[in-house]
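I opened my notebook to work through this one piece by piece. Here is what I looked up, in the order I looked.

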Number of protein chains: 2
Amino acid sequence: MKESRNRAGYEIISENASFGGRQLRCRHTSTALRCDMHFSVYLPPLAQAGASDGIRLPVVYWFSGLTCTDQNFVQKAGAQRVAAELGLILVAPDTSPRGDQVPDDNEGLWDLGKGAGFYVNATRDPWKSHYRMYDYVVDELPCLIHSAFPVDADAQSVCGHSMGGHGALTIALKNPDTYRSVSAFAPISAPSQCTWGQKAFRNYLGEDKSLWREHDAAALVTECRPWLPLLIDQGDADEFLQEQLKPELLLEACRKAGYPVTYNLRAGYDHSYFFIATFIEDHLRFHHSFLMPEANQ
Amino acid sequence: MKESRNRAGYEIISENASFGGRQLRCRHTSTALRCDMHFSVYLPPLAQAGASDGIRLPVVYWFSGLTCTDQNFVQKAGAQRVAAELGLILVAPDTSPRGDQVPDDNEGLWDLGKGAGFYVNATRDPWKSHYRMYDYVVDELPCLIHSAFPVDADAQSVCGHSMGGHGALTIALKNPDTYRSVSAFAPISAPSQCTWGQKAFRNYLGEDKSLWREHDAAALVTECRPWLPLLIDQGDADEFLQEQLKPELLLEACRKAGYPVTYNLRAGYDHSYFFIATFIEDHLRFHHSFLMPEANQ
């Protein structure tokens with residue numbers, strides 16, 4: 001651990017005032033991933049105002065998609081405005097382990113390796129030594145966040161986009177007692193049945209399809225209880241809709257399992273952050289209604 | 001002109017749905033700059049809804065700062081949300097001529113040459129053959145915009161950041177009948193008196209200080225009439241405040257000239273787009289109040 005790091009083991013590498021609060025970018029050494037990692041945290045004005053009163057605020061985790069870092073959401077989604085109003089802390093991790101010592105896709109493609117951790121713990125070489133994003137975002141990072149920021153550990157929700165939508169859905173479905181609600185923009189809804197997911201699972205997990213089921217939202221909804229409030233937005237002009245995202249498979253699985261889901265198909269919207277920016281307010285208000293139900297009565 | 005270009009001489013190279021409207025990125029060949037240029041246009045929902053009725057909407061031009069293209073504002077400011085609500089068209093040009101044939105700073109620095117056009121017409125070699133950003137943003141681009149989009153040519157305002165704040169201020173002050181209002185985030189307020197401005201003016205305009213005055217907001221306010229509504233936001237944690245931006249020189253010139261200005265010094269804010277995103281709503285509502293006064297009564 002570097003000397004400049006504080007007691008919780010992270011250092012703030014940039015800080016910007018934003019909507020009355022503070023947008024932080026931090027660096028730490030991850031035990032799960034065995035490398036240095038960046039993550040970003042937005043602290044709303046209430047986090048500062050309430051610091052002396054010991055107020056702890058609800059937190060929404062954001063999981064990004066293929067090729068992204070922690071920065072895409074921070075710079076493009078415009079979420080800070082809404083989080084400032086609602087008093088939500090936002091946490092955005094990176095999408096894979098990083099650094100020269102971390103194995104990457106030999107072919108230089110963007111759907112495997114760095115930027116494409118798929119939120120699983122890899123079990124196969126060469127990936128298993130670093131690619132443990134599931135443990136990182138479920139356990140290690142929240143533990144650090146709780147120790148370092150005024151977060152109410154009993155009030156967590158999770159949200160994500162594309163590969164990160166897959167991450168949000170599967171992690172919430174596997175840990176329904178850890179989160180109050182889950183939402184996704186254009187998630188990879190049935191990764192066992194699309195080429196992005198199959199490539200990732202084959203490399204990270206091997207050929208045993210029972211392991212794939214553990215990280216496939218369309219499979220997990222059939223057995224996950226208790227139900228979590230679940231919101232999905234999908235653009236109908238999304239270039240990946242038919243080949244990779246396949247929301248119809250998740251919706252059909254939800255229907256069969258009786259799992260309640262709110263699904264908004266948005267006319268004209270594509271896979272970009274312009275889509276996310278348009279509807280992020282809806283998602284944060286959705287989460288807020290479960291994170292602070294007393295404020296929404 | 002390429003065949004794929006339409007009658008107005010531009011082609012749409014990307015289009016994204018955003019807040020019910022459309023975010024376009026376009027390319028055309030500029031006569032003033034003698035090169036291909038990109039610009040971005042946001043069309044609010046009203047532009048589409050009103051197309052069949054011949055409705056024409058007010059327009060706000062955004063001028064960006066050093067190193068930026070037309071994309072920084074589009075991706076990071078979150079302005080589309082407010083423009084959608086208010087029914088404003090937003091236009092963001094690039095910050096300099098572009099292309100391999102365009103001269104650049106020999107030392108590879110970012111405060112001269114490409115990305116640093118300073119919104120003037122260069123009079124000296126090697127710059128004068130391409131660096132005519134003043135003509136481009138005052139005449140050529142608005143002419144194209146008026147022919148291509150449902151813009152009310154009598155309802156224009158202008159806004160910018162840093163070097164683009166300088167551009168917005170000087171261009172509005174020199175053309176007070178062309179714009180309804182002007183605003184700036186952290187503008188270079190007195191370029192003749194800071195190193196960024198002096199370097200640009202010396203290279204583009206030469207040593208004749210009377211030419212510099214024509215592009216210096218703190219000089220122009222002393223003679224510009226009629227007054228334009230003028231709003232400036234400045235962060236007090238801005239790393240360029242003292243050495244480059246020098247708002248105190250503009251404020252003092254306004255005071256001496258009796259030129260009314262609203263100046264907001266924002267505690268804790270820096271020079272980044274997080275600052276712009278926080279206050280862009282204020283600026284667009286300010287412009288809207290002069291662009292559509294009947295809607296604000």
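This is a predicted model: local features need pLDDT of at least 70, side-chain atom pairs count only at pLDDT 80 or more; totals for chains, interfaces and linings use all residues.

**Entry 1: two helices in chain B.** H3(B) crosses H11(B) in the right-handed sense. Next I wanted the residues that touch. From H3(B) I noted Ala79(B), Arg81(B), Val82(B), Ala83(B), Glu85(B) and Leu86(B), and from H11(B) I noted Ile280(B), Glu281(B), Leu284(B), Arg285(B) and His288(B). I sorted the residues of this contact by class and got six nonpolar, one polar and four charged.

Then I checked the geometry. H3(B), residues 79–86, packs against H11(B) at an angle of about 30°, and the axes are 9 Å apart. Angles under 35 degrees count as roughly parallel, so H3(B) is roughly parallel to H11(B).

Entry 2: I looked up H3(A), residues 79–86, and H11(A), residues 273–291. Their axes come within 9 Å and cross at roughly 30°, and these two helices are therefore roughly parallel to each other. Their crossing is right-handed. On the H3(A) side, the contact includes Arg81(A) and Glu85(A), and on the H11(A) side it includes Glu281(A) and Arg285(A). The class count for H3(A) with H11(A) came out as six nonpolar, one polar and four charged residues.

**Entry 3: the sheet in chain A.** What is the strand order in the open sheet of chain A? I wrote down S1-S2-S3-S5-S4-S6-S7-S8-S9, nine strands with mixed pairing. The edge strands are S1 (10–18) and S9 (262–266) of chain A, and each of them pairs on one side only. Neighbouring strands in this sheet are turned by 20° against each other on average, direction ignored.

I zoomed in on the S1 end. S1(A) and S2(A), residues 21–30, run antiparallel and are joined by eight bridges. One spot I marked there is Asn16(A), which stands opposite Gln23(A) in S2(A). Which helix packs on the sheet by touching S1 and S2 of chain A? I found H11 of chain B, residues 273–291, with its direction at about 35° to that of S1(A).

**Entry 4: S7 in chain A.** S6(A), residues 151–161, is joined to S7(A) by four bridges, and the two run parallel. Gly160(A) has Ala184(A) as its bridge partner in S7(A).

Entry 5: I read off an open sheet of nine strands with mixed pairing, in the order S1-S2-S3-S5-S4-S6-S7-S8-S9 of chain B. S1 and S9 (262–266) of chain B stand at its edges with a single partner strand each, so one side of each has no neighbour in the sheet.

S6(B), residues 151–161, and S7(B), residues 182–185, pair in the parallel sense over four bridges. Val158(B) has Val182(B) as its bridge partner in S7(B). H5(B), residues 163–174, lies across S4, S6, S7 and S8 of chain B, running at about 140° to S6(B).

**Entry 6: one last residue.** Asn6(B) lies in the segment before S1 of chain B. Its relative accessibility is 30%, so Asn6(B) counts as partly exposed. I also checked Asn6(B) against His28(B): they are 22 residues apart along the chain, and their C-alpha atoms are separated by 10.0 Å.

Key. Residues are numbered from 1 along each chain as its sequence is written. Chains are lettered from A and ligands numbered from 1 in the order in which they are written. Side-chain values use heavy atoms; hydrogens and water are left out. Axes are lines fitted to C-alpha atoms, for helices over the stretch in contact, and angles run from 0 to 180 degrees between N-to-C directions. Angles under 35 degrees count as roughly parallel, over 145 as roughly antiparallel, 65 to 115 as roughly perpendicular and the rest as oblique. A crossing is left-handed if the near helix is turned anticlockwise from the far one by less than a right angle, and right-handed if clockwise. Contact means heavy atoms within 4.5 Å. Ala, Val, Leu, Ile, Met, Phe, Trp, Tyr, Cys and Pro count as nonpolar, Asp, Glu, Lys and Arg as charged, and the others, Gly among them, as polar. Two strands pair if DSSP finds at least two bridges between them. Buried means under 20% relative accessible area, exposed over 50%, partly exposed in between (1.4 Å probe, protein chains only).
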